[in-house]
Each structure stands twice: as C-alpha cells, then as structure tokens.
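Please open the structure in a viewer and keep the selection panel at hand.

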Amino acid sequence: EIEFCYHQPLIRALKNEARSIQHVSFSNLSGRECHLLLSIPSLETVELWQICSTSVTAVVTAIEGNTNLKSLQIYQSKIDCRNIEKLPSSLPTSKITKLVFSNCAIDSNTADIIAQAVTMSESIQKLDLSNNMISHKGGQALVNLLQINHSLMELNLVHNPLSEDNVYWLKRMKPRCVF
C-alpha cells in the first residue's frame, strides 16, 4: 500500500512550533502522519476522520506509553481485529480517559479486543462505540468489561444491533450506558 503524506509538512510545523496546541482534528492521514501527529507532546485531544487501516495500526502503536493524550477519537474509519490487535498492550500504558471509535464498522470480534484493552486500562472513563455493528457476542464482552473495570463511567452503544439480553445486563451494570 502506497502512503501519500500530504499533511506531513503541517504536522512537522505543529510539532516544531506549536507547543501549546492541545486539540487537533485531521482526516485522511497516512500511517506516518498519524505516528508523527501523536508524537506531539502538547496534544491532549486527537480527532481522526476517514483514516485507512494502516493509519489505525499506526495510531494504536503510537499511543503506547503516551501520557499526555487524554482523548482519542476515530470516526468513519475501518477498525477491525487486524489493525487494533495491539490495543490490549498499548492502551493500558497510556493515560487516555476518552476513547471514541464511532461509525468504524466494528463487529463483535473487534469489540471483544476493545473490551480486553479497556478492561486492562485504569484511566478510561468514557467509551463511545456508537454506530457500529456490535451484536450479541460483542455486547457480552462489554458486559464482562463492566464487571471488571470500575473506572469506566460512560458507555455509548447507540446504533448497534445488540441483543435484548445485552441491553438488560448493560443497563443493570452501568446506568450511564446509552443504547
């Protein structure tokens, strides 16, 4: 896969000059651009739109050990088991408190990996998996997550085909779940 780095000069300028920038939003970044962006020490919130699978992998790798980033939001990007397989090892080493993977075609197997990662994280307080394809199996993984992780305060699962059983248990476990 060939990566075009259209935003790389801008990201380099941000890294070199803008030490106080805390929030950025980009679309269509390459993997290299994502990695470079997440190396900016002042960033607390990163919103990424329509990034490719290679870029998702780069983001997952780049958050490992990142103690400045508080909010990672990825929208309208394909997130699957392959490009987030390292999330269970990278997320717990970060200080991310808000994780958004919205409208990312996440299925139940991928939701299981996300649940594993969030289970091991002590900092995640908000998880938004809205507008995906999480069904019963993934819903069960999230129920199990809520039994273990007590730092998670908000869970957004709007527009997912969860089973009635999932909804029942999620409501009992976490009143601040949104379906």
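Begin with the surface of the chain in this predicted model: the accessible area comes to about 8,700 Å², and carbon and sulfur atoms account for 51% of that area. Colouring by burial next shows that buried residues make up 51% of the 179 residues.

Select the charged side chains. There are 16 positive and 16 negative ones, and the centres of the two sets lie 4 Å apart.

Switch to a cartoon view. The chain holds seven helices and seven strands, which run α-β-α-β-α-β-α-β-α-β-α-β-α-β from the N terminus on. The radius of gyration is 16 Å, close to the 16 Å given by the globule rule for 179 residues, so the chain is as compact as a globular protein of that length. Its C-alpha trace spans about 50 × 30 × 25 Å along the principal axes. Of the contacts between residues at least 6 apart in sequence, 70% join residues at least 24 apart.

Now display the aromatic rings; two aromatic pairs are found in the whole structure. Select Trp49 and Tyr75: their ring centres are 4.2 Å apart and their planes lie at 20 degrees, under the 30 degrees cut-off, so the pair is stacked. Because Trp49 lies in strand E2 (residues 45-49) and Tyr75 in strand E3 (residues 71-75), the pair ties together parts that are 26 residues apart in sequence. Trp49 is partly exposed at 29% relative accessibility, whereas Tyr75 is buried at 17%.

Finally, select Tyr168 and Trp169, an edge-to-face pair with 5.1 Å centre to centre and 85 degrees between the planes. Tyr168 is partly exposed at 44% relative accessible area, and Trp169 is partly exposed at 35% relative accessibility.

Terms used: Residues are numbered from 1 along each chain as its sequence is written. This is a predicted model: local features need pLDDT of at least 70, side-chain atom pairs count only at pLDDT 80 or more; totals for chains, interfaces and linings use all residues. Side-chain values use heavy atoms; hydrogens and water are left out. Helices (H or I, at least four residues) and strands (E, at least two) are DSSP runs, numbered from the N terminus. The radius of gyration is taken over C-alpha atoms; the globule rule is 2.2 Å times the number of residues to the power 0.38. Buried means under 20% relative accessible area, exposed over 50%, partly exposed in between (1.4 Å probe, protein chains only). Contact means heavy atoms within 4.5 Å. Accessible areas come from the Shrake-Rupley method with a 1.4 Å probe; for residues, only the protein chains shown count as cover. Lys and Arg count as positive and Asp and Glu as negative; His and the chain ends are not counted. The place of a charge is taken as NZ of Lys, CZ of Arg, CG of Asp or CD of Glu. Rings of Phe, Tyr and Trp (its six-membered ring) pair if their centres lie within 6.5 Å; planes under 30 degrees apart count as stacked, over 60 as edge-to-face and the rest as tilted.
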